[in-house]
Each structure stands twice: as C-alpha cells, then as structure tokens.
Number of protein chains: 2
Amino acid sequence: MRRFATTLGLVSLCFFFVFPCCRALRGRPRLLERFARPGNRAPAYQYEERYFRQSLDHFSFADLPPFDQRYLIANTGAWARPAGPIFFYCGNEGDIEWFAANTGFVWDIAPRFSALVVFAEHRYYGKSMPYGSKEKAYKNAESLSYLTTEQALADFSALLTDLKRNLSSEESPVVLFGGSYGGMLAAWMRLKYPHIAIGALASSAPILQFEDIVPPDTFYDLVSNDFKRESLSCFEAIKESWRVLETQGKDNDGLLKLSRDFHLCQNLNNTEELSDWLSSAYSYLAMVDYPYPSDFMMPLPANPIKEVCRKIDNYLDGTNVLERIFAGVSIYYNYTGNVDCFDLEDDPHGLSGWNWQACTEMVMPMSSSQDNSMFPAYDFDYAAYQDQCLQDYGVRPRPRWITTEFGGHDIETALKKFGSNIIFSNGLLDPWSGGSVLQNVSESIIALVTELGAHHIDLRASTKEDPDWLVEQRNTEIYLIKGWLYDYYQEKASYYIL
Amino acid sequence: MRRFATTLGLVSLCFFFVFPCCRALRGRPRLLERFARPGNRAPAYQYEERYFRQSLDHFSFADLPPFDQRYLIANTGAWARPAGPIFFYCGNEGDIEWFAANTGFVWDIAPRFSALVVFAEHRYYGKSMPYGSKEKAYKNAESLSYLTTEQALADFSALLTDLKRNLSSEESPVVLFGGSYGGMLAAWMRLKYPHIAIGALASSAPILQFEDIVPPDTFYDLVSNDFKRESLSCFEAIKESWRVLETQGKDNDGLLKLSRDFHLCQNLNNTEELSDWLSSAYSYLAMVDYPYPSDFMMPLPANPIKEVCRKIDNYLDGTNVLERIFAGVSIYYNYTGNVDCFDLEDDPHGLSGWNWQACTEMVMPMSSSQDNSMFPAYDFDYAAYQDQCLQDYGVRPRPRWITTEFGGHDIETALKKFGSNIIFSNGLLDPWSGGSVLQNVSESIIALVTELGAHHIDLRASTKEDPDWLVEQRNTEIYLIKGWLYDYYQEKASYYIL
C-alpha cells in the first residue's frame, strides 16, 4: 500500500504539468478537480441509498470476489409503474452523492416525466469499492486492474437489468444522463447497450479526445482563449508567470518564499508542485466559468474567470506577477475567505482513481502550443507518459484501445446509419468541448452547442439567473427526450394492438 | 491437467443427454459436432497463415501473458487497395482452417468484390492458444477464464484495427461473415463494433437461444420434425429406441452386448454414453441435412436424414429396433464404410472448449417435449446444470449475462432504430433456426429464411447441385452486401467532394 500511496501522490502532484521532470505527465488531465472543496449550496435531494452485488470482472470467469456497487434511487412513489421511464445517471470518477447534488437537471425534470431516478456509482469510487475498502482496492496494479470503462458500463447494465426485473418493470424505457466522463459513459452505453437504454444525454463528453482525432493542443488552447477573451493582459500575465516562478524557485530559499507567498500549508519540494496547483485552477476555472455563482468544484462567483482576471489586472504596473497570480487564483481556491492555508494534497471527492484510468485506457494526448496557449509550450511525449505509468503503477497504457472499443475516428460514417437517440451537449467555453461531438451526426444523434456554456452547465439545477440560451438548451433536451419516449411507447403500443 | 481432462471427458460424454445421471447436462448442446471426421472433399483454398499478438484480458489490466492469435489471409494480390473491402470471417469454436475450408461462399464471392479475405481464429481453439499450448490453456478454470465471447470480439476488433493500419487501408470497409456460433459473433460484432465493420452476414446464428426468449423445447422439436417429415415410422422407431436401449443396458452383459452391436472401440460404462452418441448423430443430421453430398461434419450423402430413415425403415416388422437404429446412424458415422469401430471420445476439430463456454456464458436452456420430440422427455433443470458446471470446472454459470451484454429480449424494439446492415440467414430444417431472427427487424436488418435450408448452407461453396432457392438466397446476400458497400463508398465520396 505504501508504495502506491506514494506514487499516487506523485502522479497527483504532477497531474497537469509543467516543468521538465513532470512534462511526461502533461497528457494525464483529469476531467474533474482534485483540489475542489464541497460548498454549502448543494440542494438536499431526497433519495435512498442501496447496494447491488456485482461481478468484479464481467468478461472473464476468474475466481474474483464480487463487490457491492452503491446506487441512489428516488421518486419511487411518483413513478408511473410498471412502464414509466427510468432516468439513470452514469456515475463518473467520484462519490455519487456529489454528482447527484450537482445534477439538478435530472431532479428538476423527473417529476414531469413521472420517472424513477437512479444515480449509480462508478466502481472504485465513493463507497463502491472492490475488495471491501479503498485501501485494498487501490493497493496495487493487480487490485486496480478491474477499474476500466467497459467494466463500469457492464456494471450499469447488470444493475439496470436486475433492477427492472425486481420492480417488474421490464418495459420501462431507460434514459441515460451523464456529464464529463459520465457523459462519455452515457454515450458509450447507448452505443454498446441499445437494448438497455433508449437514449442518452451526454453532456460535455470528450469522446474524441483520444489518439490523433482532435489536435492535442485543443484543450489548453481553449482554456487560454477563455482567459484571453476576458482580458489580454490577464492572459499575458499568466503566460509570463511560469518563467518568473521557475526563476524564483531557483533562488536561495526561493521555494520557502514561494510557499509562504502562496500560503501553502506545507513547504514546496519543487516549483512543479506549485505550477501544477496553479494550472489546475486555470483549467478548472475554464470548465466552471458559469454565469452565476456556483459551487460544483469550489464556491465561486458568477463568471469566475472575469473575477480572476479582474484581480490579476487590478495592480499597478511593476507589481510582481506572482503576487497578481496569487490574488487571482485566490478567487478560485479561497472565494469564501475561510482558508488559512492551501493543502496541495487535498482530494475531498475521492477522484484519485482517475490517475489509474489515465495510465491504462484513458490516454488523452495533451500538448500546449507555443503561440495560442498561456501555459508553457509542451509537445505530448507518449514514451515519457508510458514510462511514468510503468514507474507509478507498473502498468503499460493501451493508448489505442478506447478507439478500438468505442470508435472515434470518422465517427460520422460509423454512426450515421447506426446509433440513434444521443444528445451531445457542449458549451464552447468548456475546454473539453474541443474533444466532443459538435455537429449533428444524424437525425437522432444531435449536437447541442452553446457559445457561452461551460462544463455540463445544462445538467445543473435551473436557477433564476439562468440565461435564455441555457433555458432554451434545456427545453430542447426535454423535447428530444420526450420524442424518444413517445417513439418507444408508440412502438410498444403498436405491438399491444397487434 | 489430469483432473480437467477427466471432467472434460465426462462433460463430453454426457453432452446431449439422456438418462437420469446426465439429465442435468441436457442444456449444454454444442453448435458443432464432436464426433465429426474430416472428409476428403475440402477444397484447397490458398491463404497465408499469420499470427497477431493479443491481450489475454482486453477489459482489465491484470498482469497476464499475451497470446498469439492465428489468422488466415488471402487474396492480397487481387485486393483493390487501399480502400477495397475486407471480408472477415469470425472464427468459431474450432480450428479456423476447418471453417475456411467449409465457407466457400466467402471464397466464391471475394474476387468479384476485389476483397481481401481474412479468417480469424477464435481464442482457445486451433492454434490460438493462450499460455502457449492447449494443455496449459485448458489446465483449469483460472487458465480458461478468458475464453469468453466478449474477449473474442475484442480480439477481432484489435486484429482488424491493427491490420488496417499496417496495410494503410483505414478506409477499407469490413464485412463480417460467420456461421453458427461464428454467426452469433458476426451479428454481435456488428452491434458492438459498428465503427469497425459496416455489416454482417450472420448465418444460422441462434442469438435468441437464451433464457426464456424462445421455448426451450424448440431445438429438439425441430430435429424431431426433420425426421418425422421424412418418415413417421422412422421418427417412432427412434422415439421407442431409448426405452429399449435402457432396458437392454440393465441386462446381464447388456452393456457389453450393446458395445459389440454398435461396433464401439471401447466397452460402454453406461447406456448414457451410447444414447449421447446416438442423440448427437440425430441433432447433427438435422443440422447438415443438405440436398447434396457434403462433408462438413462427416462425409455424408445428399439428404442424409432421408437415407438414415430409409435404413431404419427398411427392416421387416419385428426386427430389433436397436439393430435398425445402428443401421441408420451408420449412415452418419460410417458413410464411407471405412470405420472399423467407433470411438466415443473423438474430437478431431478440437471443439471441447465449448463445454467451458456452455458452463459460463453460453447457457442455452434445452428441453425435450413429451409429444413433439423423438428424444426422451426432459425439462431443463438449471440447478442441476449449475451443479454439474461447479463439479466439472468449479465455475458458476452466468445464465443471464449474454442477454444483458448483447440483448435478445424484445430485440425488434431494441434494434429497429439502432442496428443496421445485418443479414440473419436461416434454413428451417436447421434446429438452430428456432433460436435465430426469422423476421425482418428493419429495412437493413434482414431475415432471409429458406424452407429447405439446413445449418448455414448459404456459407458453403456453390455446387452444380445447388437448388434454385439456394442460388437465389446467395444472390440476395450478394445484393445486400453490395448495397452496404455502395452506401459506404457513396458516403465517403461525398466527404471527399466536400
């Protein structure tokens, strides 16, 4: 255990970038934030917590212990049994209660569909731990080896099949929901298990962020654009800061001074720890650049990038750039003003399993371009990436596997005549939008794109501050889902009549 | 090894039925024949034998040794590179060279499509052995545990993706072919990997022979009908024979006499061994009841059931029924007259892995009805089936898994708006036809049904004796495949033009 705790820590610290020792890890981004802190604004949805016994390996018959997968179930009373719809959220890389609290759209619309609501937790996250505990599940590469996307989809399918049988609701149509990695799971599940779910709303799902399908610098260019869009001087200050930070780190007591200036709880061991922490903030700010106050990752004001840049820009010429940067990122890490010092090792939502997933299947090449990016220039280096995974976990990634299993190259041709009933919703402020499906593939594989949307904003609860484009986007989603259900019941009715 | 060699033997002996001790195993039919003997009529197709390195478990990252999958590749010279079609046969539960020799349809039509031909061997069969040898691969439940359908499909997908990349033919459309279990694989692969193959000809593929989708007595009723159709007295003789056989087996020296009367190489240990051997013959006769001489399972005359029944019927009243039965099945087991004695343990095509598959995923419930079946009445008993698998392999079947993974219940609704470009071809003489798709699901999921066809006759090489309905069926298949390719190239061309 100790060895892996250490290496996990190392991977986490090196997560996003930046300097030479960590460059290899540039390509291991997380979809969600490691430094996030739960806020106080989460609505209190009512649900029951249940567990379902799963095979650890659905695709082999090795003698492995089963495990209990957690799921949240709600609205059973209002559900139109026996054939009412089931709204099923495909849990992603964290505690399912956190996703349930932040996916208000499902809660908002379920009553009008008289739908049963299920939020299923992803294996190896939250309380859905193989081998009985997180400690045992994350012990080593052997225990982690069943943490894969295909197994997660099989879990969802087995759970749904059993649940419907137990509820005598085999006729119930299932609609899948998911955001970010959960959105990838929802889309892939509709593709792989069309007999289990009639459609999927895949919000901010970067299913094309693999191999060479989209340019590797897409993500960081989009983050950078979000900052540049608010303020060119802010963009330039950030772009300049890395060099200053590196220089300062080399001074006598430079790391100590940086640790103090940035109010860190522990002293830095190197500048990468700090640049990682800063880079994460920028990336996640781009993801959660919502037009109203939110607390998905952290408690934040409306339009947080605007606020960060306002702080960075609001200094006299000649002020040390790192001082401006600290003021800026404090909007992200300490908007409430309650934080005394920052802990770089924090992981309140239990997202660390993503490092394993990134080292096995979810190899998303990431570069940072010289010109368009405010991050240090970097070319994705697969050999170094692989070496790091071998060192951290003793595992060799399979960088081509996801596209073999789920497709991605030339997705229009593959899906035009095949898949159906998938919504790919994206906001162009979201840096993950560049790796998603932004054009309609067919009449029923629809891309909903909003210019000002951020990471799966459509899945959030409606608020009084919602802009019109967001209200309209959600209405379109409801309209499309209604269409899927209408078609399904029509089809069924025609059988009954016959 | 020894333990499993023994238990494998036991399963094989008890394969189809009949008497009390073996009843539990009634539900473990094989799609193909264990007692088959290679004939001399196999056409000599030209191909190159190659190997491709595969992950043993595509869906986990356990530290397992890779293995080399065999595939046969042909027609590379005539292939219309770089975007010419690839005709890919999904190997089933035996040596791939045997399937290549018996799938003349692919060889016959490939030249007119300028198609590359690939026959891929299924893992754990032929020369595609994990752990380096059949002995090691079949050692125990642990070594066998990766012999699953999903892994086989992932093998095919990984092989095709790599092959196309190496040939710089990423644009080549792939058309899948498969018969029997290979047909199930072809259909499922088109459903699960639409980005890899544009269509599938699934011949005699009983994808609905699971759980309660079709009545469990379908298979044996169809076999029985094939005999009844030729001769009611033949049907009745067979129906009567089981009781006689059982009675005789209880006599002093009864087993010895039976062994002698049936020209067995070894003495019987019990009557089940003999009834299994007889039952297999009837079932496989129904499958290969072709209208011309063939040698897929065994060298056989045209319309072999007619010949068997002619023998059985061609006796004076009062002749011992077992004598008549022996004369009948000799048509099946010894048509050439070259066999001195019959070896019940024979497995020339290396099909024994099917027993493992039947004990894990491929649980196909089989009953024998009191009235319609010529086999002894028997109700499928899942508890006994499971006990036997636990005893034989120490493995617990997952009888609901196949329908969870691939669907099956209400397949029309699931696929009507989803899948495309699949042909389910079936002949109604084939007892597996009852578990296949016999009605069109949509405009491009087509059922081709022939009244007089047997097990995947359409996949066999064309002969001068082909009846008109068979010529017509194959022409329709060619027409449909042309349509898939035409659509694909049109789509591609429109991209190029844009």
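Student: Is the crossing of α12(B) and α13(B) left-handed or right-handed?

Tutor: In this predicted model, α12(B) and α13(B) cross in the right-handed sense.

Student: At what angle do helix α12 and helix α13 of chain B pack, and how far apart are their axes?

Tutor: The general idea is that a pair of packed helices is described by two quantities, the angle between the axes and the distance between them. Here helix α12 of chain B, residues 304-313, packs against helix α13 of chain B, residues 321-333, at an angle of about 155 degrees, and the axes lie 7 Å apart. Since angles over 145 degrees count as roughly antiparallel, α12(B) is therefore roughly antiparallel to α13(B).

Student: Which residues of α12(B) meet which residues of α13(B)?

Tutor: From α12(B) come Pro304(B), Glu307(B), Val308(B), Lys311(B), Ile312(B) and Asp313(B), and they meet Arg324(B), Ile325(B), Ala327(B), Gly328(B) and Ile331(B) of α13(B). By class, the residues of this contact between α12(B) and α13(B) comprise six nonpolar, one polar and four charged.

Student: Turning to the sheet, what is the order of the strands in chain A?

Tutor: The sheet of chain A is open, has eight strands with mixed pairing, and runs in the order β1-β2-β4-β3-β5-β6-β7-β8. Its edge strands, each pairing on one side only, are β1 (48-54) and β8 (445-450) of chain A, and from one strand to the next the twist averages 20 degrees.

Student: Which strands does helix α7 of chain A touch?

Tutor: Helix α7 of chain A, residues 181-192, packs on the sheet and touches β3, β5, β6 and β7 of chain A, while its direction makes about 150 degrees with that of β5(A).

Student: Which peptide bond in chain A is cis, with omega near 0 degrees?

Tutor: The bond from Arg81(A) to Pro82(A) is cis, and Pro82(A) sits in the loop between β2 and β3 of chain A. In chain B, the peptide bond from Arg81(B) to Pro82(B) is likewise cis, with omega near 0 degrees.

Student: What rotation superposes chain A on chain B?

Tutor: In general, two copies of a chain are related by a rotation about an axis and a shift along that axis. Here a rotation of 180 degrees, with 0.0 Å of shift along its axis, superposes chain A on chain B with an RMSD of 0.0 Å, which is the relation of a two-fold axis. Because 100% of the interface residues of chain A are also interface residues in chain B, the copies meet through the same surface.

Technical notes:
Residues are numbered from 1 along each chain as its sequence is written. Chains are lettered from A and ligands numbered from 1 in the order in which they are written. This is a predicted model: local features need pLDDT of at least 70, side-chain atom pairs count only at pLDDT 80 or more; totals for chains, interfaces and linings use all residues. Side-chain values use heavy atoms; hydrogens and water are left out. Axes are lines fitted to C-alpha atoms, for helices over the stretch in contact, and angles run from 0 to 180 degrees between N-to-C directions. Helices (H or I, at least four residues) and strands (E, at least two) are DSSP runs, numbered from the N terminus. Angles under 35 degrees count as roughly parallel, over 145 as roughly antiparallel, 65 to 115 as roughly perpendicular and the rest as oblique. A crossing is left-handed if the near helix is turned anticlockwise from the far one by less than a right angle, and right-handed if clockwise. Contact means heavy atoms within 4.5 Å. Ala, Val, Leu, Ile, Met, Phe, Trp, Tyr, Cys and Pro count as nonpolar, Asp, Glu, Lys and Arg as charged, and the others, Gly among them, as polar. Two strands pair if DSSP finds at least two bridges between them. Copies are superposed by least squares on the C-alpha atoms of residues with pLDDT of at least 70 in both.
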